[in-house]
Amino acid sequence: MTIKIHGPFALLMISLCPGTAWSLDPQSIDIYGFDFTPTLLFSESYDDNFRELERAQSSMVTKVAPTFELKAEDRNSATRLIWQPTRYIYHDESDASNTAQRVRLNSIMEFTDRHRLKLDAEARKYERTTSTAVDGINDKIRSNRVNGLYTYGARSAANQIDLGASYAQLRYDNSGGINDDKERDTTGLTTTWYHRIGSNTRGLLEYDHTDFDYQSNNRLNSTSDAVLAGAEWDFTARTSGKVRVGYERKNFDDSSVDDLSNPTWQVDLRWKPRTYSTFSFIARQAMAEGDDGADAVKTTSALFGWRHGWTERITTVAGVGLSRYEYEGQDRTDDLRDYNLAVEYAMRRWLDIELGYRYRNDDSDADNQSFERNIFLLGFNVSL
């Protein structure tokens, strides 16, 4: 159960950050039996520290992100293909400007009520301006992944088993050998047994095995194993959740690197007291791969979010996140705070307007690693 450094925080905040919480109702076009849905996100923001450094560098940032979705479905299966090219323009630092590409394929197949298969593949090429290997130079990243999950057991059965497998590649396109030590292949296997203990509750037992194979930095080659137990529930439409608690161990191939072990857990809770108001709480602890010379990073994150529709057209989205990163093999701990507030205005069925603010703060006990960051954003999401 691995989480990339500073990655869990982005994942936790993704549904709450400005520019992501839209209520748009896009219309599709029928093309030879496929549903084709194009959308366009355009935003203009002011970022006073887009590299997240103690010596802040600010810029106006334009984001242009069209999305093209092609979907086909029938009674027992559904397939979706998404292509999303995104252009980031940093008006005060042209070297930071970049174009990202993302292609994703999802497929769900239900052969019988007892046999189901989910497949997911993604290819991305993008640049990162924060937490870069060299200050002032974007990390240029290519990543590919494939996931599969086979489920045996009817949805209402007393027992159900999930068997999953995944493979991912991480590569960098920086010149001069920058980031070569981070390139790796990751292979994962997971199995989860669910046992129904009530009409709306299931207990679970999960085992995860992950193998990390670095291309040049063999010192960090390792395997990670995690065992977790917990439960998931869904009481009407108002309350749902999933809790898993367990233990994970990371064994390095290199005997000079100390093996690591750590309690791991994940909590996902959602409460919807009204149809127009949703509260969510997500908390996780796990070990991430090493960064900045660390053997690994113990990551603990928590997020509280609230989405509320005041009228049919006006919705607010708020989020508060806390995260701690403990660098194994180094005397370094980072405490990250993240606050988000956005107001959405559904001007038309095909047009949403959003005004958002985000504040990030990292208090690190390592030299030159602390920072503060403010982002002010105005965004438009357009569809057919």
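1. What share of the contacts in the protein with a separation of 6 or more is accounted for by residues 24 or more positions apart? The share is 53%, where contact means heavy atoms within 4.5 Å.

2. A word on the basis of this note: the model is predicted, so that local features need pLDDT of at least 70 and side-chain atom pairs count only at pLDDT 80 or more, while totals for chains, interfaces and linings use all residues. Residues are numbered from 1 along each chain as its sequence is written, and side-chain values use heavy atoms, with hydrogens and water left out.

3. The protein has 1 helix and 19 strands, these being DSSP runs numbered from the N terminus, with helices (H or I) of at least four residues and strands (E) of at least two. Its radius of gyration is 22 Å, close to the 21 Å that the globule rule gives for 384 residues, so the protein is as compact as a globular protein of that length; the radius is taken over C-alpha atoms, and the rule is 2.2 Å times the number of residues to the power 0.38. Along the principal axes, the C-alpha trace spans about 55 × 50 × 40 Å.

4. Of the 384 residues, 44% are buried, where buried means under 20% relative accessible area, exposed over 50%, and partly exposed in between (1.4 Å probe, protein chains only). The accessible surface comes to about 19,700 Å², and 55% of that surface belongs to carbon and sulfur atoms; the areas come from the Shrake-Rupley method with a 1.4 Å probe, and for residues only the protein chains shown count as cover.

5. The largest nonpolar core has 8 residues, namely Phe212, Tyr214, Leu220, Phe252, Val257, Leu260, Met287 and Ala296; such a core is a set of buried Ala, Val, Leu, Ile, Met, Phe, Trp, Tyr and Cys residues joined through side-chain atoms within 4.5 Å. A second, separate core has 7 residues, including Ala288, Ala294, Val297 and Phe371. When neighbours within four places in sequence are left aside, the contacts of leucine 260 include Phe252, Met287 and Ala296, as well as the residues Glu248 and Glu328.

6. Asparagine 138 lies in the loop between strand E6 (115–128) and strand E7 (139–152), and this residue is buried, with a relative accessible area of 3%. Beyond neighbours within four places in sequence, asparagine 138 is in contact with residues that include Arg51, Asp95, Glu127, Thr132 and Asn174.

7. Lysine 140, by comparison, is placed in strand E7 and is partly exposed, with a relative accessible area of 36%. Its contacts, again leaving aside neighbours within four places in sequence, are Tyr126, Glu127, Arg171, Tyr172, Asp173 and Asn174.

8. Glutamate 52, in the loop between strand E2 (34–47) and strand E3 (59–73), has a positive phi of about 50° although it is not a glycine, and glutamate 52 is buried at a relative accessible area of 8%. Asparagine 179, in the loop between strand E8 (159–172) and strand E9 (184–196), has a positive phi of about 75° and is likewise not a glycine; at 3% relative accessibility, asparagine 179 counts as buried.
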